[in-house]
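Here is a short briefing for a first look at this structure. Keep the sequence and the 3D view open while you read.

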Amino acid sequence: KSLKQEQLNKQTMTVQFVLLQNRQRKTRLTKWYTPEYTQKQKQRIMTEIGHMVTTRGKAKCNFIEWRQYTLVYKRYASLYFVLCVDKKENEILAMELIHQYVEVLDSYFGNVCELDLIFNFDKAHYMLDELILGGSIQETSKREIVRVMKQQDDIEQKIVDERKQHKKKKKSLGLAQGFF
């Protein structure tokens with residue numbers, strides 16, 4: 001394990017929510033770890049944070065004090081990755097967690113882009129769930145997360161193949177009996 005993984009493993013961190021937004025402030029992924037907000041409040045929060053993050057100068061710090069929390073964000077290509085953590089949390093560790101998530105996405109998709117998240121949002125959520133569970137760091141090994149994702153892909157493919165096989169068998173039985 002790398003030093004970064006060791007540091008992430010030793011730390012506990014409470015994440016309130018994760019947001020991924022593009023430069024036009026269009027939300028591409030959200031994950032809330034607190035029941036504190038209604039759907040309407042969540043929409044307002046996403047709009048507010050999107051505005052704060054996208055209009056912030058490049059020379060400014062990637063940490064923003066917001067309400068009783070700290071927003072930690074990082075821009076990768078056209079996407080902003082935002083973590084909301086308690087003020088007492090280590091911002092650098094939160095930044096590492098964002099970077100780890102991006103590395104996992106890159107490993108799985110091969111240089112991830114916004115379209116990967118749009119068309120494979122379920123996979124992006126699964127990977128985030130492997131990394132953060134219930135607002136706490138769950139797994140920090142990029143290799144392990146990608147392995148679990150590949151294993152899940154294999155199971156999905158097996159189900160698809162079995163369904164195709166079943167349809168072929170059903171169709172051939174129907175033809176043999178003169179139903180078609």
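R25 counts as partly exposed, because its relative accessibility is 38%. R25 sits in the loop that joins β1 to β2 (27-32). Its phi is positive, near 70°, and R25 is not a glycine. The model is a predicted one. The points below go from single residues to the whole chain.

**Other loop residues**

- Y33 lies in the loop between β2 and α2.
- Is Y33 buried or exposed? Y33 counts as buried because its relative accessibility is 17%, and buried means under 20%.
- C84 is 51 residues away from Y33 in sequence. In space, the C-alpha atoms of Y33 and C84 are 10.0 Å apart.
- N111 belongs to the loop between α3 and α4 (114-119).
- N111 counts as exposed because its relative accessibility is 65%, and the cut-off for exposed is over 50%.
- The phi of N111 is positive too, at about 60°, although N111 is not a glycine.
- N111 and G134 are separated by 23 residues in sequence. From C-alpha to C-alpha, N111 and G134 are 27 Å apart in space.

**Helix α3**

- α3 covers residues 91-109, which makes 19 residues.
- How far does α3 reach from its first C-alpha to its last? The span is 27 Å, close to the 27 Å expected at 1.5 Å a residue.
- At the start of α3, N90 makes a contact through its side chain. A side-chain oxygen of N90 comes to within 2.9 Å of the backbone nitrogen of I92.
- Buried residues of α3 include L93, A94, L97, I98, Q100 and Y101. V102, V104, L105, Y108 and F109 are also buried in α3.
- An α-helix has 3.6 residues a turn, so residues three or four places apart point the same way.
- Just after α3 comes G110, with a positive phi of about 75°.

**The cavity**

- Rolling a probe the size of a water molecule over the atoms shows where empty space is left.
- How many cavities of 30 Å³ or more are there? The count comes to 1.
- The largest cavity holds about 60 Å³ of space.
- Its lining includes V18, L19 and L20, along with F81, V82 and L83. L97, I98 and Y101 line the largest cavity as well, as do L128, L131 and I132.
- What classes of residue make up the lining of the largest cavity? It has 12 nonpolar residues, no polar ones and no charged ones.
- Among the cavity-lining residues, L97, I98 and Y101 are also buried residues of α3.

**The largest pocket**

- The largest pocket contains about 200 Å³ of space.
- V53, T54, R56, G57, K58 and K60 are among the residues that line the largest pocket. N62, Y73, K74, R75 and Y80 also line the largest pocket.
- α2 (39-54) and β4 (69-76) each give at least two residues to the lining of the largest pocket.
- Which element gives the largest share of this lining? That element is β4, with 3 residues.
- By class, the lining of the largest pocket has 3 nonpolar, 3 polar and 5 charged residues.

**Helix α6**

- K150 is part of helix α6, residues 142-176.
- K150 is partly exposed because its relative accessible area is 41%.
- K150 and E65 lie 85 residues apart along the chain. Their C-alpha atoms are separated by 38 Å.

**The whole chain**

- The chain has 6 helices and 7 strands.
- In what order do the elements run from the N terminus on? The order is α-β-β-α-β-β-β-α-α-α-β-β-α.
- Of the 180 residues of the chain, 40% count as buried.
- The radius of gyration of the chain is 20 Å. A compact globule of 180 residues would have a value near 16 Å.
- The C-alpha trace spans about 70 × 40 × 30 Å along its principal axes.

Notes:
Residues numbered from 1 in each chain as written. Predicted model: local features only at pLDDT ≥ 70, side-chain atom pairs only at ≥ 80, totals over all residues. Heavy atoms only, no water. Helix = DSSP H or I, 4+ residues; strand = E, 2+ residues; numbered from the N terminus. Expected span 1.5 Å × (residues − 1). Buried < 20%, exposed > 50% of the residue type's maximum accessible area, 1.4 Å probe, protein only. Polar contact = N/O pair within 3.5 Å; in protein donor to acceptor, adjacent residues only side chain to side chain. 1 Å grid on protein atoms, 1.4 Å probe; cavity = no way out; pocket = protein on both sides within 12 Å on 5 of 7 lines; lining within 4 Å. Points joined across faces, edges and corners; volume = space filled by probe spheres on them. Nonpolar A, V, L, I, M, F, W, Y, C, P; charged D, E, K, R; others polar. Rg over C-alpha atoms; globule rule 2.2 N^0.38 Å.
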